[in-house]
Each structure stands twice: as C-alpha cells, then as structure tokens.
Amino acid sequence: MSTTRDALAHAFDALLQPAAFKDYGPNGLQVEGRSEVRRLVSGVTASRALIDAAIEAGADAIVVHHGLFWRGQDGRVTGWMKQRLSRLLAHDISLFAYHLPLDAHPALGNNAQLARVLGIALEDGVRFGDQSLGFVGRREAASARALADHVQATLGRAVTLVAEPDRPVRRIGLCTGGAQGYFEAAIAAGVDAFITGEISEPQAHYARECGVAYLACGHHATERYGAPAVAMQVASELGIEHRFIDIPNPA
C-alpha cells in the first residue's frame with residue numbers, strides 16, 4: 001500500500017490545523033521528497049541520528065515535532081544543517097514538522113498523550129496560557145512527592161520537583177516541553193501542580209510562594225508521545241506503514 005506526499009501533507013494539515021497557530025517556524029512539509037510514500041517514520045526532533053535511523057528503516061517520509069527551520073535562525077546551510085539536509089535530499093525523503101499544532105491537538109497531541117500516559121483525566125475544554133496550549137486534568141495523589149515519583153517511574157527519567165512535598169494534589173496543569181513561562185497561567189487556572197519539561201530560575205520562587213507544585217520532567221521525555229500518535233492515525237487512514245523511532249535525549 002502507498003499514498004502520495006501531497007495526500008500525506010493534506011491528512012496532517014486536516015488533523016492538526018496549522019493555520020490556526022502563530023508559531024516559531026513553518027509547520028507542514030519542510031523538505032520535499034519523493035512523491036510516493038509507503039513507509040512513514042515519526043520522531044521528536046529532526047536530528048541527524050533520527051534521519052540516519054529513518055534511512056536505515058527505509059522511510060519515504062518523516063514527521064517530527066521539532067523540525068529544521070525556526071524563526072530568527074541563521075539561514076546558511078552549513079555544519080549540522082548541511083549534514084541533515086544532505087541526507088534527506090540524497091535519499092529523497094520528505095520531512096514534515098508540526099510544532100504548536102502537535103502540542104495542542106485535544107486527543108493526539110503531546111499534552112493529551114502525556115496525560116493519557118500518566119493517567120491524568122483531562123477536563124474537557126479547559127485550557128490556559130497563550131493560544132490555549134495548557135491543559136488541565138485530575139489525578140489524585142497523596143502528595144506532590146508521590147506524584148513526582150509516579151511521573152518519574154512512568155517516564156523513566158529524573159524529575160525536578162519544587163513543592164511542599166506533603167501537600168495533596170488533585171488538579172494538574174500540563175504543558176509539555178519548554179513551557180515554564182506558562183506556570184503563572186496554570187496557577188491562575190487553579191491547579192495544585194504543574195507538569196512541563198523544563199524549569200527556569202523564577203519558577204522555583206513562584207512554586208514556593210504560591211503553594212503550587214512544579215514538576216520539570218524533561219523536554220524530550222514529555223514530548224515523545226504526540227508525533228507517533230498522530231503518525232499512527234494518519235498512516236492507518238492512508239494505508240501505509242508507520243514506525244516510531246525514539247532517539248534518547250537527556251534534555
């Protein structure tokens with residue numbers, strides 16, 4: 001079974017609605033490959049390691065959360081950019097990337113899928129933050145420490161917790177990746193804890209002063225579920241093969 005590159009692009013766009021978002025780079029087809037697509041690979045970031053693994057897997061197209069092109073970056077094709085692009089072009093592989101649209105999808109996006117993995121029941125339609133990227137859900141935890149232990153065991157990586165460790169948790173805000181700037185909006189939304197990927201200096205003070213637990217669980221670790229969920233659905237609709245390739249990242 002196969003489909004076309006254009007049909008694949010249309011299916012992704014129809015599902016993720018990239019035109020609805022103001023983003024940091026182009027969403028959709030970033031590198032044009034062969035017109036026929038039989039095998040799709042999904043991953044988190046369009047790194048050289050992922051591209052090489054996709055070539056080894058016989059991919060015709062790759063879909064990622066973090067693509068190659070970002071607003072304000074150096075536009076020269078040298079160094080790492082040349083290495084990544086040259087591999088895609090030499091093997092005629094298409095690269096699709098969806099950033100904020102992949103975070104925001106209510107069922108298949110990074111936030112929704114992280115909630116599913118962690119056993120957090122999302123509150124229908126309840127969002128917070130810029131472009132409504134933050135989600136709110138419920139999971140009973142005896143303490144912030146217990147929640148952090150659960151997240152750490154589930155994601156398989158260390159969690160940075162800033163909290164009153166014995167304070168119970170019921171309502172949880174989620175915004176994956178580098179969403180530390182959404183913490184104040186999560187606090188305003190009335191959550192007991194906030195789960196994201198990274199932490200910066202101010203958030204530790206907000207957590208201590210506001211009594212809301214902050215869990216930094218890794219940028220990559222919190223964003224490795226959306227791309228394969230979207231790719232699996234689209235591949236099933238179009239009748240093509242799909243494989244998720246996870247390239248470990250400590251960040």
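The following questions and answers concern a predicted model.

Q: Which residues of helix H2 are buried, and on how many degrees of arc around the axis do they lie?
A: Helix H2 spans residues 48–56, and Leu-50, Ile-51 and Ala-54 are buried in it. These residues lie on the same side of H2, because the arc they cover around the axis is only 100 degrees.

Q: What covers the buried residues of H2?
A: The buried residues of H2 are Leu-50, Ile-51 and Ala-54. Their cover includes strand S4 (39–45), strand S5 (61–66) and helix H3 (79–90).

Q: Which residue just after H2 takes a positive phi, and of about how many degrees?
A: Helix H2 covers residues 48–56. Just after H2, the residue with a positive phi is Gly-58, at about 75 degrees.

Q: Which strands stand at the edges of the open sheet of 5 strands?
A: The sheet is open, its pairing is mixed, and its order is S2-S6-S5-S4-S13. An edge strand has a single partner strand, so one side of it is left without a neighbour in the sheet; this applies to strand S2 (28–31) and strand S13 (241–244).

Q: Which residue in S6 stands opposite Val-31?
A: S2 and strand S6 (residues 94–97) run antiparallel and are joined by 3 bridges. Opposite Val-31, the residue in S6 is Leu-95.

Q: Across which strands does helix H10 lie, and at about how many degrees does it run to S13?
A: Helix H10 comprises residues 226–238 and lies across S4, S5 and S13. Relative to S13, helix H10 runs at about 170 degrees.

Q: Which residue in S8 is the bridge partner of Ala-121?
A: Strand S7 (residues 121–128) and strand S8 (residues 134–141) run antiparallel, with 4 bridges joining them. In the hairpin of S7 and S8 there are 5 residues between the strands, and Gly-129 takes a positive phi near 85 degrees. The bridge partner of Ala-121 in S8 is Arg-138.

Q: Which residue in S10 is the bridge partner of Gly-137?
A: S8 is also joined to strand S10 (residues 169–174) by 5 bridges, and these two strands run antiparallel. The bridge partner of Gly-137 in S10 is Ile-172.

Q: Why is the aromatic pair of Phe-12 and Tyr-98 called tilted?
A: The search of the whole structure finds 6 aromatic pairs. In the pair of Phe-12 and Tyr-98, the ring centres are 5.7 Å apart. The planes stand at 55 degrees, so the pair is tilted.

Q: How many residues apart are Phe-12 and Tyr-98, and where do they lie?
A: Phe-12 is buried, with a relative accessible area of 0%, and Tyr-98 counts as buried at 1% relative accessibility. Phe-12 lies in helix H1 (residues 5–16), whereas Tyr-98 lies in the loop between S6 and helix H4 (100–104). The pair links distant parts of the chain, 86 residues apart.

Q: Which residues form one aromatic cluster?
A: The structure holds 6 aromatic pairs. The residues of one aromatic cluster are Phe-128, Phe-183, Phe-194 and Tyr-214.

Q: Is Asp-60 buried or exposed?
A: The side chain of Asp-60 meets that of Arg-34 in a salt bridge, at 2.7 Å from N to O. Asp-60 lies in the loop between H2 and S5, and Arg-34 in the loop between S2 and strand S3 (36–37). Arg-34 counts as partly exposed at 26% relative accessibility. With a relative accessible area of 9%, Asp-60 is buried.

Q: How many residues apart in sequence are the parts that Arg-39 and Glu-241 tie together?
A: The side chains of Arg-39 and Glu-241 meet in a salt bridge with an N to O distance of 2.9 Å. Arg-39 is partly exposed at 29% relative accessibility, and Glu-241 is partly exposed with a relative accessible area of 45%. Arg-39 lies in strand S4 and Glu-241 in strand S13, so the parts tied together are 202 residues apart.

Key
Residues are numbered from 1 along each chain as its sequence is written. This is a predicted model: local features need pLDDT of at least 70, side-chain atom pairs count only at pLDDT 80 or more; totals for chains, interfaces and linings use all residues. Side-chain values use heavy atoms; hydrogens and water are left out. Buried means under 20% relative accessible area, exposed over 50%, partly exposed in between (1.4 Å probe, protein chains only). The arc is that of the directions from the helix axis to the C-beta atoms. Contact means heavy atoms within 4.5 Å. Two strands pair if DSSP finds at least two bridges between them. Axes are lines fitted to C-alpha atoms, for helices over the stretch in contact, and angles run from 0 to 180 degrees between N-to-C directions. Rings of Phe, Tyr and Trp (its six-membered ring) pair if their centres lie within 6.5 Å; planes under 30 degrees apart count as stacked, over 60 as edge-to-face and the rest as tilted. A salt bridge is a side-chain nitrogen of Lys or Arg within 4 Å of a carboxyl oxygen of Asp or Glu.
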